[in-house]
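Let's walk through this model together, one part at a time. Keep the sequence and the 3D view open as you read.

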Amino acid sequence: MPLNPRLVKESFSVVEPVAGKAAGYFYGRLFTHCPQMRGMFPPGMEVQRDRLFNALTRIVWMLDSPEGLASYLAQLGRDHRKYGVSPEHYKVVGNALLATIRHFAAEIWTDEIEAAWTEAYAMAAKIMIDAADAETTPAWWLAEVIDHEPRTRDIAVLTLRPSQPMDFVPGQYVTVQTARWPRVWRRFSIANAPRADGTLRLHVRAVPGGWVSTALVRHTRIGDQLLLGPPVGTMTPPEPGRDVLCVAGGTGLAPLKAVIEHVIASGERPNIHLLFGARRACDLYDMPDLARMEAAFPWLRVVPAVSDDPAYDGMRGRLPDVVERFHSWADHEAYVCGPAAMVNETVRRLQMSGVPLARIHRDPIHSDAVPGDPSPGRMVHGGTVHGGTVHGGTVHGGAVNNDTLAHGGAVHDTLAPGDPVHGDPVHGDPVHGDPVHGDPVHGDPVHGVPAHGDPVHGVPAHGDPVRGGTVRSEA
């Protein structure tokens, strides 16, 4: 039968108010009927249950936008590979999902609604399976930490050398798993343009309660090994010919620095303004390197700004206010990365000043939405993103990436051009978000997953080649 988005949405709207209970019911069904899948999930499930419906909501409300939905689902399918997901898993997940919706929408349930959900899930699963089968890049990379530089009490810059070449575009990010937290993946932006030696740099802030971010900042040493997922993201370099504005809050600097490096290396000579903000002067952790870049490239102007330090003698104020102190940015290509509230407000003010949304780039790395609340009519992230709304609106090419139907999905609840959404309908992932300085790509609270064939942690499930892991660096 043809896809019927209306019936799916109407029945799902009945389930949304009890999303927490429904998520618990779903996982109960899933693990009861397929106990071996429990080992594919992280130990803590509390946050994951909240995240489940964020991602599922994303999919339901994108049913009217088939191109964006297909792009999103394809990315999820490709990302599934690092968890060892097989086509058989999709059937088990689908059965548990249908049973959950049927149970909580029992008062309105009909054969037509069941058929609509069955058709919708079959379509989604096929796209994901086909995308995974067609992918030729590695499912994950093993990377050695070759430098670990503490910059502040909570921020460190890591340099990694992947064991095999990794192709990426400046501005993208990778998921990271540490030996300290098997089955837990978090996203971090790559803070450099591609290099001849193949190394990557990550700017990481240790977030309170952040398992992976804290492990990377405080417990990781030179010589340790990490797992990296495939690079994803759409906040990539601009086309030549236009001046560039970059607005970075905290370690949101990382992807913007990579974009700037690329522009400098390209031979183009656009004027580049980088507004780099933090609450305190001591949190302007990368100023020496930025000063060197500014000295070597006369067309780059770096403007540090501090919002909560009365003793600071430079530019003071919140980044959205600082943006408005300069001339019009209407002719610029704009990149914004940092705390969700800052990004939303900066995007809004840039729009008001005449910058078209098509020229405002942001990656939806974290969400300020209430879990399970991206309901009809509500903009995820509190505002439009690249001209698209989440529910039934255009997605400007898709959403943002790297989340799986069965593992470690994300909570990047915002759409961005050409990039398939962050949100895993089965394993939410509270990804990056600095509750203090609002880092959109660094930090994490809890989840991720691989369970199969993990060369670092060696979870003994489904053909793990290492059985027990070879790289645990802590007790």
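**Helices, cores and a loop**

Let's start with α4 and α6, which are oblique to each other, because angles under 35 degrees count as roughly parallel, over 145 as roughly antiparallel, 65 to 115 as roughly perpendicular and the rest as oblique. Their angle is about 55°, and their axes lie 7 Å apart. Axes here are lines fitted to C-alpha atoms, for helices over the stretch in contact, and the angles run from 0 to 180 degrees between N-to-C directions. The crossing of α4 past α6 is right-handed; a crossing is left-handed if the near helix is turned anticlockwise from the far one by less than a right angle, and right-handed if clockwise.

Before going further, a word on the ground rules. This is a predicted model, where local features need pLDDT of at least 70 and side-chain atom pairs count only at pLDDT 80 or more, while totals for chains, interfaces and linings use all residues. Residues are numbered from 1 along each chain as its sequence is written, and side-chain values use heavy atoms, with hydrogens and water left out.

Back to the pair. On the α4 side the contact (heavy atoms within 4.5 Å) includes Leu-69, Leu-73 and His-80, and on the α6 side it includes Met-123, Ile-127 and Ala-132. Sorted by class, that contact has 11 nonpolar, 2 polar and 1 charged residues. In this sorting, Ala, Val, Leu, Ile, Met, Phe, Trp, Tyr, Cys and Pro count as nonpolar, Asp, Glu, Lys and Arg as charged, and the others, Gly among them, as polar.

Now step back to the whole protein chain, which has 11 helices and 12 strands. Both come from DSSP runs numbered from the N terminus: helices are H or I with at least four residues, strands are E with at least two. Of the chain's 475 residues, 62% count as buried, meaning under 20% relative accessible area, with exposed over 50% and partly exposed in between (1.4 Å probe, protein chains only).

Next, find α2 (residues 19-33) and α5 (residues 87-104), which pack at about 140° with axes 9 Å apart. These two are oblique as well, and their crossing is right-handed. Among the residues that meet are Tyr-25 and Phe-26 in α2, and Val-93 and Leu-97 in α5. This contact has 10 nonpolar, 2 polar and 2 charged residues.

What about the largest nonpolar core? A nonpolar core is a set of buried Ala, Val, Leu, Ile, Met, Phe, Trp, Tyr and Cys residues joined through side-chain atoms within 4.5 Å. The largest one has 50 residues, and Phe-12, Phe-26, Leu-30, Phe-53 and Trp-117 touch the most other members. Elements giving it two or more residues include α1 (5-15) and α3 (46-61), and the largest share, 9 residues, comes from α6. Leaving aside residues up to four places away in sequence, Trp-117 touches Phe-12, Leu-97 and Trp-109, among others. A second, separate core of 25 residues includes Ile-260 and Tyr-285.

In the loop between α5 and α6 sits Ile-108, partly exposed at 36% relative accessible area. Its C-alpha atom is 9.4 Å from that of Glu-10, though the two are 98 residues apart along the chain.

Finally, look at α8 (residues 253-265) and α9 (residues 287-296), whose angle is about 20° and whose axes are 12 Å apart. They are roughly parallel, and their crossing is left-handed. Ile-260 and Glu-261 in α8 are among the residues that meet α9, where Leu-290 and Met-293 take part.
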